[in-house]
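Welcome! Please take a moment with the sequence and the 3D view below before reading on.

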Amino acid sequence: MTDAPGPLEPLGPTGRPILDRPAFERLTTTHRRELKLHCYRMMGSLHEADDLVQETLLKAWRGRAQFDGRGSPRG
């Protein structure tokens with residue numbers, strides 16, 4: 001038995017598997033509320049805060065290949 005990724009797990013530039021959707025959702029769910037509150041304080045509008053949270057998580061999703069797991073996902 002090896003720890004090598006399966007054929008459906010693409011590797012990022014660090015050689016680690018890129019997070020799939022369920023893993024990404026588990027990782028970001030814990031920070032979503034905190035992020036929304038922060039955005040609400042900046043914008044003063046729940047609608048705009050929701051939009052910023054969506055944009056932020058979309059950027060994180062697109063850049064997940066660069067996350068090497070050394071830092072906190074919160075950052």
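What follows is a short tour of the helices, the side-chain pairs and the end of the chain.

This is a predicted model, in which local features need pLDDT of at least 70 and side-chain atom pairs count only at pLDDT 80 or more, while totals for chains, interfaces and linings use all residues. Residues are numbered from 1 along each chain as its sequence is written, and side-chain values use heavy atoms, with hydrogens and water left out.

**The overall layout**

The protein has 2 helices and 0 strands. Both terms refer to DSSP runs numbered from the N terminus: helices are H or I runs of at least four residues, and strands are E runs of at least two. Of the 75 residues in the protein, 15% are buried. Buried here means under 20% relative accessible area, exposed means over 50%, and partly exposed is in between, using a 1.4 Å probe and protein chains only. Contacts give another view of the fold, a contact being heavy atoms within 4.5 Å. Among contacts between residues at least 6 apart in sequence, 44% join residues at least 24 apart.

Let us look along H2. At 1.5 Å a residue, its 17 residues should span 24 Å, and the end C-alpha atoms are 24 Å apart, which agrees. The expected span is 1.5 Å times one less than the number of residues in the helix.

Which residues of H2 are buried? They are Ala49, Val53 and Leu57. Seen down the axis of H2, these buried residues fall within an arc of 65°, so they line one face of the helix. The arc is that of the directions from the helix axis to the C-beta atoms. The buried residues of H2 pack against H1. On the face of H2 turned away from its buried side are the exposed residues His47, Gln54, Lys59 and Arg62.

A search of the whole structure finds 1 aromatic pair. The rings of Phe24 and Trp61 have centres 5.2 Å apart and planes at 75°, so the pair is edge-to-face. Phe24 lies in helix H1 (residues 21-43) and Trp61 in helix H2 (residues 46-62), so the pair ties together parts that are 37 residues apart in sequence. By definition, rings of Phe, Tyr and Trp (its six-membered ring) pair if their centres lie within 6.5 Å; planes under 30 degrees apart count as stacked, over 60 as edge-to-face and the rest as tilted.

Phe24 counts as buried at 10% relative accessibility, whereas Trp61 is partly exposed at 27%.

**Salt bridges**

Side chains of opposite charge can pair when their charged atoms come close. How many salt bridges does a search of the whole structure find? The search finds 2 salt bridges, each being a side-chain nitrogen of Lys or Arg within 4 Å of a carboxyl oxygen of Asp or Glu.

| Salt bridge | N to O distance |
|---|---|
| Arg21 and Glu25 | 3.0 Å |
| Lys36 and Asp50 | 2.9 Å |

Arg21 and Glu25 both lie in helix H1, 4 residues apart, about one turn of the helix. Arg21 is exposed, with a relative accessible area of 58%, and Glu25 is partly exposed at 37%.

Lys36 pairs with Asp50 in the other bridge. This pair links distant parts of the chain, with Lys36 in helix H1 and Asp50 in helix H2, 14 residues apart. Lys36 is partly exposed at 29% relative accessibility, and Asp50 is partly exposed at 34%.

**After H2**

Ala65 is found in the segment after H2 and is buried, with a relative accessible area of 19%. Its C-alpha atom is separated by 7.4 Å from that of Leu19, 46 residues apart along the chain.

Arg74 also has its place in the segment after H2, and counts as exposed at 55% relative accessibility. Not counting residues up to four places away in sequence, Arg74 touches His31 and Glu34. His31 is found in helix H1 and is partly exposed, with a relative accessible area of 24%.
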